[in-house]
Amino acid sequence: MLFALLAHLTLVQAFESRDLNADPRNERTRIARFGQPRGDIVTYDGTAVAVSRETGGGPYRYQRFYPHGEMYAPITGHVSPRGAGGIERAREAVLSGDDARVKVQSLVREGTAQGADVWLTIRKRVQWAAYRSLKASGRPGAAVAVNPATGAILALATYPSYDPNAYTTFDAAALAATDDRLRRDPAEPLLNRALDRTYPPGAVSKLITAATALTTGGHIPSTALNPSGNAHDRDGRDDRGGPEGPEGPEGSEGQDGRGCGEGRLTLSRAFRLSCDQALADLGRSLGQDALRDQAEAFGFNTALTVPLPVAVSTYPAAQDRPGTALAAVGDSGIRVTPLMVAMLSATVANDGTLMRPYLVERARLPGGSTINRAGPSPYRTAMSPAMAGQLTTMMTTRPRPQGPGTEVALASTGSSTVFTAFAPARAPEVAVGVVLDHPGPTAAIAHAILQAALS
């Protein structure tokens, strides 16, 4: 019996301890988790968006507090007696001090074991503009802003959202009621639409179609398209007898895509007008393999973490000719996350190279010592700089009164549900993706974010 007892004890300690510690019924684990302060979560410009506060008594000494509530909830997530989500979960070991590097360096440099602060890439001004604009629209959706040159995520907003402070109570009954209420809410406030939901890309898919035409189809912006989708007339002349310039017809964005206007239809003009018929015929002539390869060069069909997990943006593996034509205009099973929408523009803005997107800039001990600093890292090469320059020219429009006082390169949907842009057109600093569940002011939301990022 003694040997059996020792064997069972060894089994529990060696193999079952992790499961026992993770069991939500284990009160000792919960008391230990809230027995010391966690590291703060801080924006790039120094605004704390998650901190620990003393409770003033009871078995739990510290309680998590989120000063900006729902604005940052999709990023921070929450930590509670029932578990954690968002950055609180993705960087749990660093924030709690359990990470080996944090533990060793805090002991050596600070003299005590303690959690490290997590500094985000998020800019407070840009995040505020993104969330405020989404909320003002009154429509469910998400907005993401990315630095094209580094991949740093400047804003990641979802609407509707929730107040993570509702999850920090130690009252088990109140916590269960809150969780049940939010999970049953048909508005899905717990859903991180920016990363976890995928949408039809609409006319934003024309970036993939145009990029395919430029990189593998032998086209240039002034290539003329005939009604059957074949290309001809690649001498670089427009219908006025001169080189086709960067300016498209005023107000061409936002049309329904069914009518292609009058006059000679070039690749650039079809792109600007979101001419579905011409782009569908072009996609069919390019072929499904070329379109899918180009989409995957932009990051489709690949799992990604930032460090929050991101739903996979998918481009169908096999399609018939009609399906290929529909895919060229955003139909036929293509799905994108709002982050991917921003990544499409960011790739073009960065001369055809997509940088790996990331949300955490560094971890820092309370004494100021920095560890785990992130840095820019190339992720995909979608096209050459020359081809990216041609696509930028096709996207570029004149400054708009409500937008930043500079050129803005953009691509938008006729249905006003998906919009992507980057600015300034010739020296990009920010790329934006906006997706709404229902038609709404996607362009106005994107321009508000661009203004905040560039001001």
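## Basis of the description

Because this is a predicted model, local features require a pLDDT of at least 70 and side-chain atom pairs count only at pLDDT 80 or more, while totals for chains, interfaces and linings use all residues. Residues are numbered from 1 along each chain as its sequence is written, and side-chain values use heavy atoms, with hydrogens and water left out.

## Overall make-up

The secondary structure of the protein comprises 17 helices and 20 strands. Helices (H or I, at least four residues) and strands (E, at least two) are DSSP runs, numbered from the N terminus. Of the 455 residues in the protein, 51% are buried; buried means under 20% relative accessible area, exposed means over 50%, and partly exposed lies in between (1.4 Å probe, protein chains only). The protein exposes about 19400 Å², of which carbon and sulfur atoms supply 52%. These areas come from the Shrake-Rupley method with a 1.4 Å probe, and for residues only the protein chains shown count as cover. Among contacts (heavy atoms within 4.5 Å) with a separation of 6 or more, 67% are between residues 24 or more positions apart.

## The mixed sheet

An open sheet of 6 strands has the order β3-β2-β1-β6-β14-β15, with mixed pairing. Strands β3 (62–65) and β15 (370–371) stand at its edges with a single partner strand each, so one side of each is left without a neighbour in the sheet. Two strands are said to pair if DSSP finds at least two bridges between them.

Within this sheet, β1 (residues 41–42) and β2 (residues 48–54) form a hairpin with 5 residues between them. In its turn, G46 has a positive phi of about 95 degrees. V42 has A48 in β2 as its bridge partner. Strand β2 also runs antiparallel to β3, and S52 stands opposite R64 in β3.

A second hairpin is made by β7 (residues 141–146) and β8. The bridge partner of A142 is T158 in β8. Strand β8 (residues 153–159) is mostly covered, with 7 of its 7 residues buried.

| Strand pair | Sense | Bridges | Residue pair |
|---|---|---|---|
| β1 and β2 | antiparallel | 2 bridges | V42 and A48 |
| β7 and β8 | antiparallel | 6 bridges | A142 and T158 |

## Helix α8

Helix α8 covers residues 172–184. At 1.5 Å a residue, its 13 residues should span 18 Å, and its end C-alpha atoms are 18 Å apart, which agrees. The expected span is 1.5 Å times one less than the number of residues.

The buried residues of α8 are L175, T178, D179 and L182. They cover an arc of only 95 degrees around the axis, which puts them on the same side of α8; the arc is that of the directions from the helix axis to the C-beta atoms. These buried residues pack against β4 (79–80). The face turned away from the buried side carries the exposed residues A173 and R184. At the start of α8, a side-chain oxygen of D171 reaches to within 3.1 Å of the backbone nitrogen of A173.

## Selected loop residues

N192 lies in the loop between α8 and α9 (193–196). Its relative accessibility is 7%, so N192 counts as buried. The side chain of N192 makes a polar contact with the side chain of T158 (3.4 Å). A polar contact is a pair of N or O atoms within 3.5 Å; within protein, one must be able to donate a hydrogen and the other to accept it, and residues adjacent in sequence count only if both atoms are side-chain atoms. Not counting residues up to four places away in sequence, N192 touches P74, L156, T158, R197 and L308.

V204 lies in the loop between α9 and α10 (206–215) and, at 1% relative accessibility, counts as buried. V204 and T420 are 216 residues apart in sequence and 7.2 Å apart in space, C-alpha to C-alpha.

A374 is found in the loop between β15 and β16 (378–381). A374 is partly exposed, with a relative accessible area of 27%. Not counting residues up to four places away in sequence, A374 touches Y358, V360 and E361.
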